[in-house]
Amino acid sequence: MLLRLDKIISSSGLATRSEVKRLVKQARVTVDGVTAAACDMKCDPEKSEIRVDGELLRYSEYHYIMMHKPAGVLSATEDGRGETVLDLLDGPAKKLGLFPVGRLDKDAEGLLILTDDGEFCHKVISPKSGVVKKYYVETENAVPASACAGFENGMVLPDGFNCLPAKLELFGENEKRACVYVCEGKFHQVKRMMAAVGCPVTYLKRLAEGGLELDASLGKGQWRELTEAERISIFEPIRA
């Protein structure tokens, strides 16, 4: 697969295409040990050894990141109202053109996936894919066992929105906490569903998407790249 050198380098996040042109002019880019002569030269990123300032380039067509989103940060690429999840990135990742896969409420925390792969994003968030999201919630009132049937049958919210069948998992009687499993992600959906059964949410954390669980070693605001196996696991059944 032959690609332009500037596309390969910019796709790694090391530099923008305009910056690559400057790097090549300054003889700071080599391909298989030879100084690159032009930024539009073609090479195979999977076979050629490309280095920038001596650093070996790791090329990927698309990128997938797991983040532990903290509360107070917006799941957006840009917003004049406050800090976004992209502001938490550093290094080459800031130049990859990533965007959040779905939304996670500003005051919520937990697993958030970032990518530059639009097709992957659409597949994850589409209810047709059946990717189940698991949330841990804490509520103002004890969650009644009777609420479980409403979730399983697909409740209709006060505003008329008809939810797909979901699951409400209780920790015990008179508990002000539970886990919610949904395969769609409408605006404030988990909060709206819990409020509909008389249990306003006071704390919300996303724990998993499909078979991918939030890495417990990631502190709030931290992130890392997904492995290929983890990316595939998103479309596998959620773990019990």
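Is F120 buried or exposed in this model? Let's find out together. First, a word on where this comes from: the model is predicted, so local features need pLDDT of at least 70, side-chain atom pairs count only at pLDDT 80 or more, and totals for chains, interfaces and linings use all residues. Residues are numbered from 1 along each chain as its sequence is written, and side-chain values use heavy atoms, leaving out hydrogens and water.

Back to our residue: F120 has 5% relative accessibility, so F120 counts as buried. Buried means under 20% relative accessible area, exposed over 50%, and partly exposed in between, with a 1.4 Å probe and protein chains only.

F120 belongs to helix α3, residues 118-125, where C121 and V124 are buried too. Helices here are DSSP runs of H or I, at least four residues, strands are runs of E, at least two, and both are numbered from the N terminus. Seen down the axis of α3, the buried residues fall within an arc of 100 degrees, taken from the directions from the axis to the C-beta atoms, so they line one face. On the other side, E119 and H122 are exposed.

Now for the rings. Phe, Tyr and Trp rings (for Trp, the six-membered one) pair if their centres lie within 6.5 Å; planes under 30 degrees apart are stacked, over 60 edge-to-face, and the rest tilted. That rule gives four aromatic pairs. One of them joins F120 and F235 edge-to-face, with 5.8 Å between centres and 90 degrees between planes. These two are 115 residues apart, F235 lying in the segment after α6. Ring pairs also bring in Y64, making a cluster with F120 and F235.
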